[in-house]
Each structure stands twice: as C-alpha cells, then as structure tokens.
Amino acid sequence: MTGRHSEDSKKNFALMRDRILEQQGKNYWRSLDEFVDAPEFEEFVSREFPQHAETWEDPVSRRSFLKLMGASLALAGLSSACVIQPPEKVVPWVRQPEEIVPGKSLFFATAMTLGGVAVGLLARSYDGRPVKIEGNSDHPGSLGSTDKFAQASLLTMYDPDRAQDFLFRNAPRSWDRFVAEMRQIIDQNRPNGGAGIRFLSETTTSPTLINQFRQILADLPNARWYQYDAHNNDNGLAGAKMAFGENVHAAYNFAAADIVLSLDSDFLDSFNVRYPRDFSDRRRVTLDKKDMNRLYQVETTLTITGAKADHRLAIKPSQMENFARAVAAGLGVANAGGNAGEHAAWITPMVADLRAHGGRSLIIAGDHQPPIIHALAHAMNAALGNIGKTVTLHEPIAANTAGADARTQIEGLRELVRDIDAGAVQTLVILGGNPMYDTPADLKFTPERMDKIQMRAHLSLYRNETSKYCHWNLPQTHYLEEWSDARAFDGTATLIQPLVAPLYGGKSVHEVVNVFARENFDRNGYDIVKEFWQGQGLGGSLRPLVATTTGGAATGNAPRPAASPQASPATQQNTNQNGANRGQNANTNANANTNTGGNTNSGTGLTNGGQATPLANTSGQGPSLNATTLSNSGSPAGQAQANNNTSATNAVIPPAAQGFENAWRKAVHDGFIPNTTAAPRNVAPRTDFLGQTAGLQAGNGNNVVEVVVLPDPSVYDGRFSNNAWLQELPKPLTKLTWDNVLLVSPRTAERLGLNQGRGKYENDAGAEEGTSFVSTRGGNLFADLVTLRVNGQQMSKPLPVWVQPGQPDEVVTIFTGYGRTDAGRIGSGIGYNAYEAITSNSMSFGLGEITRTGEQYELASTQTHFNAEGRDILRVRELEDYLAHPEDGHQPDVYPLSMYPKYEYLGHKWGMAIDMNACVGCNACVVACQAENNIPVVGKLQVQRSREMHWLRIDSYYGGDPNDPEGPHFQPMLCQHCEQAPCEPVCPVHATVHDSEGLNVMVYNRCIGTRYCSNNCPYKVRRFNFLLYQDWDTPQYKLMRNPEVTVRSRGVMEKCTYCTQRIALARIEAQKDGGRQVRDGEVVTACQSVCPTEAIIFGDLNDETSAVNKLKKEQRNYQVLHELNTQPRTTYLAALKNQNKAMPDYRELPRLSKEHGKEQERAPVGTESAPGTGSH
Amino acid sequence: MAQIFNRSANTIAKASIVGLVILGGVIFYGITVFARSSYITGVSIDRPQPVQFSHKHHTGDDGIDCRYCHTSVETSNSAGLPPTQTCMNCHQQIWSDSPYLAIVRDSYRDNKPIQWERVHDLPDYVYFNHSIHVAKGVGCSTCHGQIDDMPAVHQVNTLQMEWCLSCHRQPENFVRPKSEIYNHDWIDGSTTLEQRAQLSKDYKLRAPDMLTSCSTCHR
C-alpha cells in the first residue's frame, strides 16, 4: 500500500467517523459507499448505468451513424412486412392419455430434499414438460410456498451440463454392464460378508432407501453405509444427546413462541419454509391483531434472521459458549456457569423477558454451532418449560441417527477414511454428493486415498470432481425424474414422483442400491418405492418408520405385512422374494415402457417444440394425474398410458391389497402420507454435559482472526454451483453475484488495512477522487485479495474482501460452494474453496491468519445499483409508536393534481400490497419470477454494468452506524404499475401503455429500445435487453420456458407484468364460467405464490373484500415516492420492530411526521409528550 | 462562365419533388398491399399434408362434428389435433386397407406421431385461446371459413392484428347463437340489431376497450 492509499483510506474512514458522530448520516443506506457519500459515489448514482458501460468506443462519426440509422429504419419498415413465418409442424399424440389436454397444465405433487429434509411441491407440467415449481399447500413443510433452491431446481433438471452417459474409465458402457460387474463383486464378497464394500450417500431420510440398506446389510453384514453432507445436523444430534442422553430430533413451533432467542441460527433462510412462515405469522400486525413476537438474535455473521431481529448482538464464535452459559444460568439451569462479561447488560433484560414467557418462548441454536450450544439451548428450553410446547422432540428421522448404529456423519466419515487408508475398502459406491470437493481437509478424499480403492462408482447429477476420479460414472436422475420418498421436518413421509422420463437417461439412488440387493436387483424405482410402502402396511395399519438399518425388522417386499415379522432372516428373504415376484408381475405391465421410449420421443420434442409435442411420453416413469382442475378422486399412479392395464392388474390383486392401492394413489396424489410424523419422545433433560466445553479459541488481535465457515446463501454447499439462476441471485445481504467473498467488519478492515484504496486500478477511467470500502470505479467494485491460513491450512486461492456492516469485529466469514473445478460451464473456476479451511474437528470455526496480497479483484454486486438517494422509501416503525400513533405518515390523496382525466375501471383493478414486516429477504420470489417469466441470466460482466434482468429485486436498507447497523430492512421492489406512470408519456412508440384493468403493460413488439421509459422510471424497475441474453439455441431451455410468456429478444425493454399471463388465464376461466368476475385469490402471482411468509398479496382493488384491499386499509400502508404523484398500484406496509425498552441496544427509530411530505424528524419515541410541536 | 443548369432545371426540380412524394406514396402503398398479400399472410395457400385428409369429405359429406376430433376446443387454448387413435377408431373398420392411410396405420403401429403442417399459425407473441371464443359465441367458420368445403384446409383470413381487432372492436357483429357455433354455413352479420343486443347481453361481452387492451392477447 502506498502512502497515498493510506491517506485516502484515513480520509474516508475519518469521513465515516464524522458522519457517525454528527449523526448526519442518512437514516437508511444500502452500501457503505452511500453512507459515507464519497464524491465518486455521488457521481456514480447520477448515472443510471456505470460509466464505462455507456462509452461508445467505435469510431463511427455522427454523420455515418445517421446514415446507418436511416437505412436501418427504412429496412426495418420493409422487413417487418417481409418476414414470413417459417412453416411449423403440429405433432399430435398417437394415443392421447385421457388426462392430457393440449394447452392445459397439470400439477403433480412431488417433493425436493435438501440435507434429507423434504418440502412438498406441486410441479406444473405443460405438455409433459415440468415448467414451474410451486409449493404443496397441504404439505406441512411447505404450506404452499418454497424457498429459492426449490424454485431454481427446475433449471438444474434441464441443465445440459448434467451427466448423460454411463461411463467406465471414461468410455461409454451400458447400465447392464455395471449391474453385471457389481453382481460379480457381490458374489466374490459374499463369503466374507461384503467386508470390502462401502457405500457413501448424502444425508437421507428416505424410508425406502433406509429399508433397502437394511436388507442389503442383513445380507452383507460386513458392508457399511455412511452418509456425509458438509452442512449436516451432526451438532444438533450430538447436542441433543448431550442434553437428553439419547438422539432425538427437535422440531420447532414458531407459531407458539412469543419470544425467540436464536443462538446463531439462520432459521429464516431455511429450506424448510415452515419455520419462516410460522415466525412471520406472529409478526402480522393488523387492525385487529396488535401483538407481535420478539426475536433476539446472537450471531457470528450477519444473516437475514439477524436482519429481522428486534435485538441483534454480533459476537465472536469464541464468546458464544460463555454467552449461552450465562443466559442458561440466568434462566435457572443449575451449574451452567458462564461469565456474561461485556454482554451482561444485554443478557439481563433478555433473560427477564424470556422468564416472563415460559412455555411461550423458544431458543434455537444454529446448525453449525458446536454441540454444547445445542445442549445448552435444550437445557434452556427445558428450564423455560418450552419442551412439548414450542419445541417437540421426536424420534430421529435421518438414516443412522437412531438405534444401535447411530453416529454422527463425521464419525462415520472418519471410520470410512480409516478403512480406506488401511486398504480395507475394495469397492466404494458413492451415491450423490461430491466428497473429493467438500470433505474436511484432514479427511479429504484425495486422489492418493482414492487410488487405494480398487473399484469406485459414483452416482451423480453432474460429472464433478469426484466422478472424474471414479471408475464408474452413473448419471443420476433429478427429483423431477424419479420415484422416491423422504421425510419432512416433522417426520411426515413425503412421496417424490417423477414428472418426466429421465431427460438424460440416469438411474435413481434406489435403482442403484437395488443392484446390491440379494434378489430382484433389476426392479425399477417405482416398484421399489411402492412395494416398500405396501410392505409397510399403507392402506391398513401403518408400521412405524425407523431411521436405522439395524434393530428394526426389515420391511419386506411382501404385499402382506403380516408375513412373520419374527421369522428368521432367511425365511423372511424367501417370503419377500415370493411377494416381490407377485408384486412385480402385477406391475410389469403398468411399467412396461421404459426410459428408451421416452428418450426417442424427446428427440422429436426437441426439434419441434410445437404444440402437443409428445415429449417425455410419460413412459415408464409416468406421472400420475393430479390436475388441480380435477377433483381429488385419487390418481392412477402408474404409467398414464397403461390405464387399461392398471384396471386389468387390479383384477388380480387380492381385496386386501385393494385398500393399499387406494391409499397409495391418494398418497401419490396428495404428495405425502398423513399421520406419519415422527414419534414424539419423552426424554428428561440432564445437566451432566455442562462439564464439557466447545473450546473455541479467540483471535490474537493482530492478523489472527476467528473464522466462520457458512454455506453460501445462493449455491449452498456447491451442489447448485452450475445453476445460473442461483449464481446470479444477489445474496441477501451483500447483493453479490457470481462470487464468494470474505466478510470483515468495518473496524477490522480499517485495522488490517483492507479495502482501503483502489490499488493499481486507480489510474483507470472512472471517478477521480476518494476511495471507499469496496473501491468504486465507475460503479465497479474492486476488492482487495487476501490469503487466509485457517487452522494451519493454507487456502490455495486468494479471497476477495467485502466490508460487511454488522459483522463482529475480529471475525471473518467465508462461504462454501465455490472454487469448483468440475462443476460445469457455469460454476467451474469461480471463487475460492472454503472446504480447504475446515477440518473434521472444526467444521465451521477456526482461527485464521490474514495476509494481504496487494492484488485486487473485481466483484459484481447489485447493492449500489438503482440507488434511492435517501428519500422516504423505507418505513420502519417501533410497534409501540405505531400502536400509539397509527395514523402518522398519512399520505394524502393528491390524485386531482393530475393533468389527465381519471379513468374509471369498470372491471378489475389489480393491485399489490407488500408487508415489509413479514418479508424476510429470502430471495425466493426473485427466482420464482425468473422461472415464471422466462427471465434470462446475463453473467458477471453484465451485472457489473448494472444490466441484470431480474424484474423483482430486494433492496436491503441498513440503518444507523455501520459498526452496529440496524437491519438491513428488506424491500421487494418491482414495477409499481403506477396509475400515472412516468414511463408512459415518454415512450415515442406507445410501447408501454395502461390496459383496461390498470396494468402498465409492456408491448415488446412495439419497443424500439430508446430506454426513455427506464430513464423516467423513479423506481428503476425496468430492464433492458442490451444484448441477446436469452439462450435461443439450447434445446433443453426451450422445453423449460413458460409457454405462456413471450421470450424477449435483444433491444427490448421489459419489466414486471403482475404475471399478466396468470391474470389472463383466470379471466378466461371466469368468463367461460358465465362471464363472472375473477374471484379474490384466483390470480396468484409467481412471487406471491412462492413467498414463504405471505408478504406479497395481489388482488382486485375494486373488490372491497379482497385480501389486498384489507391490507391496503392498514395504517401501515404507504406508497413509495408518494410525492411524485405516480399513484403506484403496489404499496408497502411499514416494517415494525418490537423492541424491549430495557435492552441496552434499544434504538429510537425515526418518527414519521403526522402528514406525509413534512420534514421527518428523529424525535425520540419516549419524549412524545407534546404532539403538535416542532414540525408536526 | 457558362450556366451549369439551364432554365428547364427549375421545372425538373419542382416536378421531381412532386414526383418523389408520389413515388414515396406509391412505395408505401405497395408495401401495405404487399404486407396484406397472401404471400405474407398465407391466405389461400394450400399446404401439402403427409396424409391427404379431406375436411370436405369428413365434415361436409359424412357430417362428423368438429369436436369429434378437435376435442379441447371448448376447454383449452388449443382446439387439439386428434391423436392417431382417433383416426383408427373408424379406419380400423372402414378403408382399413386404403393405401392413402398407410401413414396413419404406420403411425399407430410404430407409435410414431404424424407430423402435420400447421395451416393457421399465429406469431408466438400472440396468445389465442379457442375456448373463450367458442364460449363467447364466435363460431368456427368466422375464422376458419367453410371448412366443410375444403378438401385441403387453407387459411381464409389474414390472421393479422387488424383482422383480430375488427372483431374485438365490435364483437356483437360477429357472434352467433350458441346453437350455431359449429354450423359451417352460418353467415356472419346475418343477425338483426335486436339479436345482436340480445347476444351481447347473453354472452356478457366485455367492453371494446377491455377487449382491445394489449394484455388481452399479448403476455
């Protein structure tokens, strides 16, 4: 660093300090650059797009430009008349399945799992192609919504980079060869009980898979099955074992909790969307319901849960145990010890609050926190009487977490690596996962280690790092292509049914595992899953599900569950065999048509893509009927084409099995099996664990800092690396895309001299003066690169630094999921690999040594794009203040000030209300919008130029001091559909106009790309196709797109349409139904439907009773930029904070003036004794 | 120095200005005529189909209802093209050896769909829905012409936006009683003013400004 830089940095940090001291900083800000208001930042925001994006370096003179334009204009007129549509084929079915109506979508219940936990889904199928994922409203883990990963999983299914061939030593081989080879290995190993055979899978809760392994391990008792996920529930289980002496699975009921204390748990950014839903339900303050829960968040990295917290404390990982013990001691856990130290003032009032809400409070620990924290949380919940009320303890649901073989995943992995090192493993079958990438450094599956295994097979969606080092590569089916099952957060058994035959061939995990079965090793996934449930007694008395491969009796394939549970294994095998044969005969016909048929047809589908293309002929893996338009009368679970056969086979099924058949159809139709929640456990809390300690060490105050390793909010553990929707999804707090960074607090960054200057780029084009925290050069963000040494492991790639307000001092956070080498075309070669920093003893925390490299790296963050410049855009109010003065901030109706006559909406008048108190910033809506509306991905370079195409973005506004910020608060921002839209009068070609129902519509064909509308849009929600961003060539993506939405081309403006296609569909149905009006709730926009917290409500403003009108009548409702008199259709409900006045970090929120437009004042809430004074 | 332009240049200049305007007009007119020509719109152009299927024979002579084959016309955006099985319902019994039907039989036997040439092809940014038009009293022949008189189906209307709008602006002139929807011989505009008012009320036709909103057909 040169002298000039340090001077710059001093200047800038001094500026920030001044701002904090003077309290002149903006109330709410979105980036540190904005907070400091550096001159270059002002220049940046004065432009709509970054500087160098606008420069036109072509040496075309004005004259020749006009000449060219004139000619092209003339040609454009001519060509629009001359373009003849290419001839198109229409391809009907040969035999049309009776449920399929061309042009109509069907919805099928299925489920996705992450870390074993299932969330029920309804997948929309159009002409046999899955085109959109919705939540299953009946499923307890979904309640109709999903998270971002489930939304984006659609893109993964169609990903052309997926593994497509069965390979042996990189040469294509058939599945049959694999089966033959494995059978040979099993036969060779049978005398020694399969001693050399090992299986490694991801975390699974699938009852069918557990049962399959139970049978295999009974046959080959010396074989072993392990599970590994880098982000697992080891700590939770170990903590429960410490607290209760045995493994139990905790499920939380946020709906019953008035007070929540979260110890580093990011439960709002959860794949299981039930938690955020229950939490937000308790935050809906309406005219009738005036109480709201309170969240205390103690965390080591700012998360969206921390952002929503009423009180948030950033502490170091090494302080967490002491903190938790001090809270526990305060709550009456004997001998908890703990020394609150500097946090005593914070703990005392919180403990009092918790004690006042015994049985109505909830304490939850983060998955990555050490077991002792989980144990303390359980002890605290027990002390508060929460167990059985807000916390339910169940039988464990994940494999190998119950019974005699229970162990943590890391213990299992250690055992496996020990055996590999000892040369005891001859055959390793890896079922999913990517252990060569994501195992901890000391247990890393290195090439040397792998070489000790004679035969390695890998079943995987992608040909990833691990596949490249395995003899056999087996393409895996996506969950939309396979039959399977799994369990929800509360244990509810959930069925996964395919929507399409495997697009790229492939086998499910059940089919691969079945190869190792003693008999019937060529069954298909449908039979395996169905026969398991038949054996389980579905339709009669259901046998309890057990999450262990030992102990519980193996559920046979026998259709009659009564078949001698006490029989010896050998007898049972025989009965199973007979039963299975019979079952198989019954099902052979129904599934005669296997994958090959589907693939042949998909070939035709790819080339034509026309109407009624019989792509994915539902062969073999046929979806069952689940049209929402049809009644819930059950569904043919078999292949749709084989309906005749099904009825024929039904005839030979004994009457007892008929009950099963009905129950099975209902389960497939509903997507889950009712009354299968995990059995509750009644366990007594113990305190003998209190002698143990997590023993996390603190940093030394020099360049040794504490390190936190977290899953990336967008690509998780790396499994979504090749998903461009997720890569480009701005991460909730940094708004970064396409990269992972190292987070550091502003104070620590200053102390270590990180991101203090523009380094070697300072002479490049761009702003002249000043520096910032992430250097801004014409809007581009340059971050210092540092190297990191964690726990003695040097990370191989340098890490870009991001100064994150709210990060605890002396703590850096790094994210997994990047640094992939073989992810595919999207995900390879970006970011650093955080797994290099973890060891089996410390999977999430460590001590790190930071060294600056002097290099810089360009990042792409949308945080500074479309800046709001400190206007009255965000409203956050204290609950107490709001209840006392709900009418404050009233916005008068200034409509008459318009020049234009008022338009009477005789039919519908669509509008939207967004409750910012419910919104948790989880990003699910952004991906849902992208999937629904065929929004393209633009890539990192284009994001740097502010050209991202998301129609819906989530702005995050920080408040107060960057060292201890408030929030951020999240505000979803999309087209406001202004009644007096500023975009409309400036369009020279009438490409954006109002329709008769109040929508501000965008006519793509008229648009000539002047971008005047975007320029004039005060909300900055219009997106322009600067280049041909849409992939028009890849055939798979043609299948994926929503056929109801136009695919835009280059040079066209686009923006949120309020999902006009969904409105049109509902309108047409209503008009056909006797020309009635569309009822409330019939139109659900994509963002509304996915929202886990029901923050977005859409409906008819002309309908007095509609849900959206109800929200808009709330006093919290306000318009953004009301002073412009744009009369937006989308309005927002102010966020609320329910702070505890006794807390030391209680902060006075800015008060709203009585009438909007008057000066906002920062008068303390408590001193509201003389209303009407000052600016009131 | 001699004059470069002689006197007649003035007249030529004036004449050429007028001439250019006229020429421009002619060219513009030419373009509009060309844009509406069947070369562009495809009107009246026969498209060879893989099977010589005659609507005239099946509908006109045999009197088979439209909906026997186009099953989803009342429920979906697509009227639906019959699967091969629909052909075979009859042709397993009659003309079962006809060489004209070899392709149909092959399709049925090999499970390979017949690939027909699309005749009525709207641009991809137009979202036409058959079911709502049928439900609101627009008959088949209004758009498709007298199918029962067409051995090979060809397009009779331009399917251009001005043609769509001509009806969306005054739907009452084109709708017919529910019983006549599938009547090929119905003549549009044969209703009286009173009948039109009654139909408009019965069908609850939406106001023209609603029907001509961009979002009605484009998404």
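Two strands count as paired when DSSP finds at least two bridges between them. Strands (E, at least two residues) and helices (H or I, at least four) are DSSP runs, numbered from the N terminus.

This is a predicted model, in which local features need pLDDT of at least 70 and side-chain atom pairs count only at pLDDT 80 or more, while totals for chains, interfaces and linings use all residues. Residues are numbered from 1 along each chain as its sequence is written, and chains are lettered from A and ligands numbered from 1 in the order in which they are written.

**Stop 1: a hairpin in chain A**

Select residues 117–126 of chain A, which are strand β4(A), together with β5(A), residues 129–135. The two strands pair in the antiparallel sense over six bridges, and they form a hairpin with two residues between them. In the turn, Asp127(A) has a positive phi of about 50°. Ala123(A) stands opposite Ile133(A) in β5(A). Seven of the seven residues of β5(A) are buried (20 or more other C-beta atoms within 10 Å of a residue's own, C-beta atoms being placed from the backbone). The strand is therefore largely enclosed by the rest of the structure.

**Stop 2: the seven-stranded sheet**

Next, show the open sheet of chain A with the order β7-β6-β18-β17-β16-β8-β9, where the pairing is mixed. At its edges are β7 (171–172) and β9 (224–227) of chain A, each pairing on one side only. Inspect β6(A), residues 167–168, and β18(A), residues 472–475: two bridges join them, and they run antiparallel. Phe168(A) stands opposite Trp472(A) in β18(A).

Axes here are lines fitted to C-alpha atoms, for helices over the stretch in contact, and angles run from 0 to 180 degrees between N-to-C directions. Contact between two residues requires their C-beta atoms, placed from the backbone, to lie within 7 Å.

**Stop 3: the four-stranded sheet**

Which strands make up the four-stranded open sheet of chain A, and in what order? The order is β13-β12-β11-β14, with parallel pairing. β13 (311–314) and β14 (361–365) of chain A are at the edges with a single partner strand each, so one side of each has no neighbour in the sheet. Neighbouring strands of this sheet are turned by 10° against each other on average, direction ignored.

Pick out β12(A), residues 294–299: four bridges join this strand to β13(A), and the two run parallel. Val298(A) has Leu313(A) as its bridge partner in β13(A). Helix α14(A), residues 371–383, lies across β11 (259–263) and β14 of chain A and runs at about 170° to β14(A).

**Stop 4**

Select β19(A), residues 484–487, and β20(A), residues 493–496. Four bridges join these strands, which run antiparallel, and the bridge partner of Ser484(A) in β20(A) is Ile496(A). Their hairpin has five residues between the strands, and Gly491(A) takes a positive phi near 100° there.

From β20(A), Ala493(A) and Leu495(A) point one way, Thr494(A) and Ile496(A) the other way, and all are buried. β20(A) also pairs in the antiparallel sense with β21(A), residues 672–673, over two bridges. Here Ala493(A) has Ile673(A) as its bridge partner.

**Stop 5: helix α27 of chain A**

Go to residues 924–932 of chain A. Nine of the nine residues of this helix, α27(A), are buried, so the helix is largely enclosed by the rest of the structure. Among them are Cys925(A), Cys929(A), Gln930(A) and Glu932(A). Just after the helix, Asn934(A) takes a positive phi of about 55°.

**Stop 6: where chain B meets chain A**

Finally, bring up chain B: 44 of its residues are in contact with 41 residues of chain A. Elements that each supply at least two residues to this side of chain B include α1 (8–35), α5 (84–91), α6 (102–110) and β1 (116–117). Strand β2(A), residues 89–90, pairs with β1(B) in the antiparallel sense over two bridges, and the bridge partner of Lys89(A) is Glu117(B).

Within chain B, α5(B) and α6(B) pack at an angle of about 115° with their axes 10 Å apart. Thr84(B), Cys87(B), Met88(B) and His91(B) in α5(B) meet Val104(B), Ser107(B) and Tyr108(B) in α6(B).

Terms used:
Buried ≥ 20, exposed ≤ 12 C-beta atoms within 10 Å, placed from the backbone.
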